[in-house]
Amino acid sequence: MKIKQETPKINYKFHNSKDTNEILFNEIQKLGRWELNKRKNKEDKKDWWYECKNKFEKNISLLFSKFIPESLVKNEVNENKDKYLQLVTKEFENLKSSLKLFDFIEKRNDNLLGCLENSGFKIKNFQSLCPWRLVIGLGATHPQETSMTLHHIYGIPYIPGSAVKGVTKHYAVLTLADKYRKNFKSKEGEEDFTVAIKNISKALENGENINLSIDDISFENLIDIFGTQKKVGKVIFMDAYPVNDVNLKIDIMNTHYPNYYSKNEPPADWQNPKPIKFLTVENTKFQFNLLSRDKNMLGKAEILLKNALKEFGIGA
């Protein structure tokens, strides 16, 4: 068995500027594993992969979204995304083993929360484990079709505060919509669930009180927690960062009827499935932080968030 470096600028390329291209070709290599075929008396290529030449720590966010190698060999094109994602996960493991990154992030967040507490904010925090796989930002714009939200400085997966607040509000809206359509019947009978969702969402956005409650939290409390178009909410939902470790894994979604989705053809069994690889976080614990100057609203927001995570989860 022989490990060979593939010929640069012929077997793979980068869609980057000229100066960056030269740097990347020196850093990211395409390697192949070759074995002697005794019957043909020549070497056959058995496998290939991408590998970083130097072991210094990389910014995984840049590697994932900007520095994407692409194989030009015809029979390797379909494998390219898988090989590239393997490079990302390998370099992420290198980053974790080389730096005490999570200790640094934890200390930095503790300092920030301490400063906010000294400024009069009350804080509620808890940790929650994602026991299987999670991805935030899967549908965001990305050169390789499927994305993931990575911190632009730390290069680690995290859950933005907007997503934390969004899923909490989503839980409240859907739960109240079910009560709303039963309690506020139209002439034709119960309100349609979709209409009920729109009415609840509109009332929350405009600060219009409705005589409904969830988990002993009144609608007026929800308006105070989330805020409206004209009033700032009383609770701040912070970014949720992983605790101690992150397990980055490659997952797959399998589109069984690709022509049905892309070419408007009827779904049929003769269409070939199209596997799509994407990054996920597996079996990772996150810390959630809530801030408010109103202790009562803070406690109610914590109840809502915990129930939202338990009932709906977060991300994809």
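A: A salt bridge is here a side-chain nitrogen of Lys or Arg within 4 Å of a carboxyl oxygen of Asp or Glu. By this criterion, the structure, which is a predicted model, holds 20 salt bridges. Side chains of opposite charge can pair when their charged atoms come close. Several of these pairs are described below in turn.

One of the salt bridges is formed by lysine 4 and glutamate 43, whose closest N and O atoms are 2.6 Å apart. Lysine 4 belongs to strand 1 (residues 2–5) and glutamate 43 to strand 4, so this pair ties together parts that are 39 residues apart in sequence. Lysine 4 is partly exposed, at 32% relative accessibility, and glutamate 43 is likewise partly exposed, with a relative accessible area of 26%.

Strand 4 also contains aspartate 47. The side chain of aspartate 47 meets that of lysine 83 in a salt bridge, at 2.9 Å from N to O. Because lysine 83 lies in helix 3 (residues 80–98), the pair ties together parts that are 36 residues apart in sequence.

Lysine 124 is found in strand 6 (residues 122–134) and glutamate 302 in helix 9 (residues 295–311), so the pair ties together parts that are 178 residues apart in sequence. In this pair, lysine 124 is partly exposed, with a relative accessible area of 32%, while glutamate 302 counts as buried at 13% relative accessibility.

Salt bridges may also share partners: in this way Glu6, Lys30, Lys45 and Glu76 are joined into one network.

Other charged residues are grouped in a patch. Arg39, Lys40, Lys42 and Lys46 gather on the surface in a patch of positive charge. Patches are made of residues with over 30% relative accessible area and no salt bridge, so the members of this patch stand apart from the pairs described above. Arginine 39, one of these members, is placed in the loop between strand 3 (28–37) and strand 4 (42–52). Arginine 39 is exposed, with a relative accessible area of 73%.

How values were computed: Residues are numbered from 1 along each chain as its sequence is written. This is a predicted model: local features need pLDDT of at least 70, side-chain atom pairs count only at pLDDT 80 or more; totals for chains, interfaces and linings use all residues. Side-chain values use heavy atoms; hydrogens and water are left out. Patches are made of residues with over 30% relative accessible area and no salt bridge: like charges are joined within 9 Å, nonpolar side chains (Val, Leu, Ile, Met, Phe, Trp, Tyr) within 5 Å. Accessible areas come from the Shrake-Rupley method with a 1.4 Å probe; for residues, only the protein chains shown count as cover. Lys and Arg count as positive and Asp and Glu as negative; His and the chain ends are not counted. The place of a charge is taken as NZ of Lys, CZ of Arg, CG of Asp or CD of Glu. Helices (H or I, at least four residues) and strands (E, at least two) are DSSP runs, numbered from the N terminus. Buried means under 20% relative accessible area, exposed over 50%, partly exposed in between (1.4 Å probe, protein chains only).
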